[in-house]
Amino acid sequence: MSRRTQSLAISRFTIVNSLGVGSEAVARALCEKRSGLVSRNFETAGVDTCIGPVDGVEDFRIRQDLRDYDCRNNRLAQLCMDQNGFAAGVAAARESYGAGRIGLFLGTSTAGLHSTELAYRSRDPRTGALPADYRYAETQNTYSIGAFARRYLGLSGPGFVVSSACSSTAKVFGNAARMIAAGACDAAVVGGADTLCLMTLYGFQSLGLTSRYPCRPFDAERDGISIGEGAGFALLEKTDRAAPGALQLLGVGESSDAYHMSTPHPEGLGARMAMQRALASAGLEPRDIDYINLHGTATKSNDASEDRAVFDLFGPETPCSSTKGATGHLLGAAGITEAIISLLAIEQGMMPGGANTRRIDPALKSRYLLENKQQKISRVLSNSFGFGGSNCSLVLGVAP
């Protein structure tokens, strides 16, 4: 049994990805059912696939006093924190709680790996030495984004960075909830970023998992993922009595089925366990969920496995969809991206239809939405399932 999660207020959030910069731009793109996936090469990658880039990251500049942290990943993180009044909201919370009482729990998959790729290109041809200005700790290191965001936001509370592949920035919600419940902090910044790099493009191509086309989750002809990039952050605060309609983290469920390094359990065992634990954590039943934001990667095995888990638990009535056809798979940033999209769905009263999906695979049984559905939404389940069976489901909703 999962311990009941103390509901936490989600007082601020911000998001950036190929759909746009800031929550308003992303919400508008979802309402218009646009996709940010394009047929374009990233850097020197000769991979025949579509990607979801954030335009302008190359020319964006890190704050001057933090220039040692300059890399694509941290640029995207700063660009995101600058949107939707997020940094100002954290500053106000810092004044209220104190810098040492706000935790920082972030996630990433590849961190600033692209900076290392560039550095290796510039090695000394005689000695093989890396460039003198290459800074591993501030860019490539997994904790780079944590150190950068801590300094950027002026925080000094407990914190760490999670790297559990595609569940990374979903699992940080659980980390924050447990640290707040333990009394280690009163509020927490959660989220993270992942950016395009050559290693992920060539790596997923070598696994035979990339599609030549914009990815098509749950489609009968789905044939792989489209890799994108993005960032998202949220501010969680403990509250004794939330205002009616206030956004909240209601529950977190995690599992690790360890079935295979890159293939999910064929019967969706780990996925089902994570969803069941999230519901138990929130004190809810499957019928209490209005909409499910699926992990929905658009690979044959992932979608089939998740569909079986969702159908076994929720049956044929609960609406669900994957938003990866719009954003691409953001790998380590997928969890926070889809959690925030779930919050936008609640705010907008709109369940996003699956972009690019044309004909649902007849073998899949869940109620997958092809078109946007307008409806009051009180509770959403958001799924994020990573390599090695590292799974996390979140229940997000509004205070009654």
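These legends go with close-up views of a predicted model.

**View 1. Here is the largest pocket in the structure.** About 440 Å³ of space lies in this pocket. Its lining is made of 18 residues, and those closest to the centre are D70, C71, R75, S115 and L118. Two elements each give two or more residues to the lining: α2 (72–81) and α4 (113–121). The top contributor is α4, with four residues. Sorted by class, the lining holds nine charged, six nonpolar and three polar residues.

**View 2. Y69 and F148 make one of the five aromatic pairs in the structure.** A pair of aromatic rings is described by the distance of the centres and the angle of the planes. For Y69 and F148, that comes to 6.0 Å centre to centre and 50° between the planes, a tilted pair. Y69 sits in the loop between β3 (51–52) and α2, while F148 belongs to helix α6 (residues 144–153), so the pair links parts of the chain that are 79 residues apart. Y69 has a relative accessible area of 10%, so it counts as buried, the cut-off being under 20%. F148 is buried too, at 0%.

**View 3. F86 and F233 form another tilted pair.** Their ring centres are 6.1 Å apart, with 35° between the planes.

**View 4. Y69, F148 and Y152 come together as a cluster.** Ring pairs are what link these residues.

Notes: Residues are numbered from 1 along each chain as its sequence is written. This is a predicted model: local features need pLDDT of at least 70, side-chain atom pairs count only at pLDDT 80 or more; totals for chains, interfaces and linings use all residues. Side-chain values use heavy atoms; hydrogens and water are left out. On a 1 Å grid over the protein atoms alone, a cavity is a set of points where a 1.4 Å probe fits but cannot get out, and a pocket is an open set with protein on both sides within 12 Å along at least five of seven lines; lining residues have an atom within 4 Å of a point. Grid points are joined across faces, edges and corners, and a volume is the space filled by probe spheres set on the points. Ala, Val, Leu, Ile, Met, Phe, Trp, Tyr, Cys and Pro count as nonpolar, Asp, Glu, Lys and Arg as charged, and the others, Gly among them, as polar. Rings of Phe, Tyr and Trp (its six-membered ring) pair if their centres lie within 6.5 Å; planes under 30 degrees apart count as stacked, over 60 as edge-to-face and the rest as tilted. Buried means under 20% relative accessible area, exposed over 50%, partly exposed in between (1.4 Å probe, protein chains only).
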